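Thanks for making time this morning.

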Amino acid sequence: MSRSAHPAGPRHADVLPEGHYSAPPADLNALDPKVWARTVARDEHGVVTVGGIDVKRLAEEFGTPAYILDEADFRARARAWRTAFGSEADVFYAGKAFLSRAVVRWLHEEGLNLDVCSGGELATALSAGMPADRIAFHGNNKSPGEIERAVRAGVGRIVLDSFQEIVRVAHIAQSLGKRQRVQIRITVGVEAHTHEFIATAHEDQKFGIPLAGGQAAEAVRRALQLDGLEVIGIHSHIGSQIFDMSGFEVAAHRVVGLLKDIRDEHGIELPEIDLGGGLGIAYTSDDDPREPYEIAKALTEIVTRECEAARLGTPRISVEPGRAIVGPTAFTLYEVGTVKPLEGLRTYVSVDGGMSDNIRTALYDAEYSVVLASRSSDAEPMLCRVVGKHCESGDIVVRDAFLPGDLAPGDLIAVPATGAYCRSMASNYNHVLRPPVVAVDGGEARVIVRRETEEDLLRLDVG
Ligand code: LLP
């Protein structure tokens, strides 16, 4: 058993690995393909380009800060997941990582399904034309209003998270004259983060119904008795930013164990298993994520093996990757405002955004990298901390990074791997306006989520 860590990395600076970032990279101008979207490169002048457009033009046209999303990369990653799992399994993109109507349309076109976890995400999905039967509705406290909208719309599945919700959804479906397809989310006693997982007593959290003590079996028993529900399967999600497949192995073993108990007690084999999301991406060059086909192969083998051992037919598998699809496809483009060297310590580089557009560093001690994007430079590396413009000393975007020593106000810098959980967790702290999301593809750029304006802020403030 190993030490627990936050999904996004060590929570406190003092547990960062010793000597971390102690040496500058060999080439400050290099763009490691592990952390950058696929079409990112430097042009002959040293300017970073994406989808054939250079960042100086993007900054001029759309302003900074801005999330720049590589559409071809998004589509390629979505397709890679779809292809890896083939027709025998379903891929539900987890909209919480980043959702917009353009994204919904891309997913639809690439043959993926969608996991939503609020009325707002459901509304976005439906308004962009995602067929309701390809939507899964999640959440540990869906309101009756949200449930009713989901049932009326005809969502493909609602993932039930508590005993109360089993009754609530059954009642709402029945009163609408419908029978809702549902999965029951269970907690299997596995918590997995990054390179570690813990397989003991990790049911102490708000999601799902514990397998322990027969509670999950009791939930299935109750759900099977209710006319408003069609129980199609069991759901398990064990964590986020996971590289190690052993947590999934234990989870699959335990989920299949429950399917076997259900078969033995009720004489039915539930047809589906959802193993959730959580597959990790590279935030820095130190991370080594797995490819979708390796993950698909590993998960399919685990479930097939476990089902054979339990003499069960293999259920249809589904997965819910969010970060692994959108995370690497975007970077945040900032303009440097001030460069402040602190003698004997480091240089503080202030940008025109911060914790309002990327809360992950402050919240999870997440690690990011950064490059000078508007030009290349041969200057000596300097140890920097990239910070935002918020009134808070924890407003850090990149904790430790080397940037060229000639960095100056007006330079553009870019932070890769910000496609997941940055725009979707953005805030208006200090009444800072949330940046736009600009999609680039084939030499063209277009805003898919526009920049917030002061009018937007004032419209909500009714005085
Ligand atoms: N399915 C369920 C039921 C989930 O709860 C989640 C994420 C996913 C799928 C997608 O997980 P992914 O593949 O994106 O790791 N804000 C945190 C991550 C929270 C994840 C919550 N649930 C972060 O920035 O790291």
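**The ligand and its surroundings**

Let me begin with the ligand, which has 18 residues around it, and of these Ser240, Glu320, Arg360, Tyr364 and Tyr421 come nearest. Please keep in mind throughout that this is a predicted model.

Two of those residues reach the ligand through polar side-chain atoms: in tyrosine 364 such an atom lies 2.7 Å from a nitrogen atom of the ligand, and in tyrosine 421 such an atom lies 2.7 Å from an oxygen atom of the ligand. Glycine 322 contributes through its backbone, where an N or O atom lies 3.0 Å from a ligand oxygen atom. On its own the ligand has 590 Å² of accessible area, and the protein covers 89% of that.

Where does the ligand sit? It is found in the largest pocket, and the shell around it comprises 5 nonpolar, 7 polar and 6 charged residues. That shell takes at least three residues from domain 1 (41–70 + 328–460) and at least three from domain 2 (138–321).

Now to the backbone. Most peptide bonds are trans, and most residues other than glycine have a negative phi. Against that background, the bond from threonine 64 to proline 65 is cis, with omega near -10°, and proline 65 belongs to the loop between helix 1 (55–62) and strand 4 (66–70). Glutamine 241, although not a glycine, has a positive phi of about 55°, and its place is within strand 14, residues 239–242.

Terms used: Residues numbered from 1 in each chain as written. Predicted model: local features only at pLDDT ≥ 70, side-chain atom pairs only at ≥ 80, totals over all residues. Heavy atoms only, no water. Near = heavy atom within 4 Å. Polar contact = N/O pair within 3.5 Å; in protein donor to acceptor, adjacent residues only side chain to side chain. Areas by Shrake-Rupley, 256 points an atom, 1.4 Å probe, with all protein chains shown as cover. 1 Å grid on protein atoms, 1.4 Å probe; cavity = no way out; pocket = protein on both sides within 12 Å on 5 of 7 lines; lining within 4 Å. Sits in = over half its atoms within 2 Å of the grid points. Nonpolar A, V, L, I, M, F, W, Y, C, P; charged D, E, K, R; others polar. Domains from an automatic or database assignment. Helix = DSSP H or I, 4+ residues; strand = E, 2+ residues; numbered from the N terminus.
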